[in-house]
Amino acid sequence: MIFRILEDQYGQKLKEAKEQARAADQRFMQLALTLGRRGLGRTWPNPAVGAVVVKDGVIVGRGWTQPGGRPHAEPEALKRAGEAARGATLYVTLEPCSHFGKSPPCVDAVIASGIARVVSAIEDPNPEVAGQGHAKLRAAGIIVDVGVGASEAARDHAGHFRRVRDKRPHVILKLAVSADDKIAAAGHKPVAITGEVAKTRVHLLRAQCDAILVGIGTVRADDPLLTCRLPGMEARSPVRVVLDRSLRIPGDSRLVHSARGTPLWVMTSEMAEAAAAAKLGAAGAQVMRVATDPGMPGLDLRAALHALSEKGITRLMVEGGSRVASRLVADDLADEVWLLRGPNMVGADGVAALHGLPLTSVTQSNYYGVRASETLDKDTLTIYERA
């Protein structure tokens, strides 16, 4: 009986110890994920990874992928940890790289540091890694646990995964609609849909994306700037991309005037006039020629997205207009839809959010599920995610 009691007590303590260890792993991985998000929109073509070094329950090093994609998160965290890394645990939001790129493999730095255990959120689908990083760490005698925080890591690294697997960026379609599902007044006349709190949220999303895309109709109707205008975050403006089959973008537009300060890429057809392209180039814009869509009046969206991924873009925000939005939804190319809804009506003659498609193609579709919702003063934000 005494042995049974002691055995039960030991089993209970062992269970509690495992639960505490699991909770600690989750807590430190959450910090690594938060750190990694600092790099969203700034690290392309590399993923925005976060890393934390922990020894005896104390954080001794932190790191995240730096602007431009280097240095990687792991060497940054290990450098800050120094000798304290020996015998410690490394938490990292993506499998450490095992190949030589523009910098040495991160696994080599981890092994050399004396790290005893690596907790990795998720395997990297990049064929040059794809489990090889974890295998090399294990071969060096390091304990490797994979899967803590995997769902959040998959979302944070969705751009990297999409670019590797599908040769296109992760597409985030933003729609700001009135209470009656309109995005503009009659004749595409701009009208205020949402308030300042919602606009601030949109500018933050811009800062977390590599590029932002609009169609030429939006440029001609709204003359947008498409930068991040949050105080102190102007430098985090994304690359501006315009779909413009015939190069109709006005030379006096705000986009063209600011092309030397914030990158402007104009995607056009092979048939667009060379003289117009030369003028845009002289103004500081980059002209990219892609295929046209044989069944549609505009450019081939899949070809355009592939061209952007070839340039290193992993996270693409799309802000307009209704034709581009509807084509993304219809062609199953919108991975997330951020639906901002204002409280006011525009009227029956206003411009529908999706050209030729009901908004229920997103809000009541089996292809999308609600990931999150927020109240932003008088407006609401609902984030739909591909199921």
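The model is predicted, so I kept to its limits: local features need pLDDT of at least 70, side-chain atom pairs count only at pLDDT 80 or more, and totals for chains, interfaces and linings use all residues. Residues are numbered from 1 along each chain as its sequence is written, and side-chain values use heavy atoms, with hydrogens and water left out.

I checked the axes of α2 (residues 73-81) and α3 (residues 106-113): they come within 9 Å and cross at roughly 20°. Axes here are lines fitted to C-alpha atoms, for helices over the stretch in contact, with angles from 0 to 180 degrees between N-to-C directions. Helices are DSSP runs of H or I with at least four residues, and strands are runs of E with at least two, numbered from the N terminus.

I then listed the contacts (heavy atoms within 4.5 Å). Glu74, Pro75 and Leu78 of α2 meet Cys106, Ala109, Val110 and Ser113 of α3.

Next I turned to β16 (residues 379-386), which pairs with β13 (residues 336-341) in the antiparallel sense over 6 bridges. Pairing requires at least two DSSP bridges between two strands. I noted Ile383 in β16 as the bridge partner of Trp338.

β15 (residues 368-376) also pairs with β16 in the antiparallel sense, over 8 bridges. Here I found Leu376 bridged to Asp379 in β16. The two strands, β15 and β16, form a hairpin with 2 residues between them, and Asp377 in the turn has a positive phi of about 60°.
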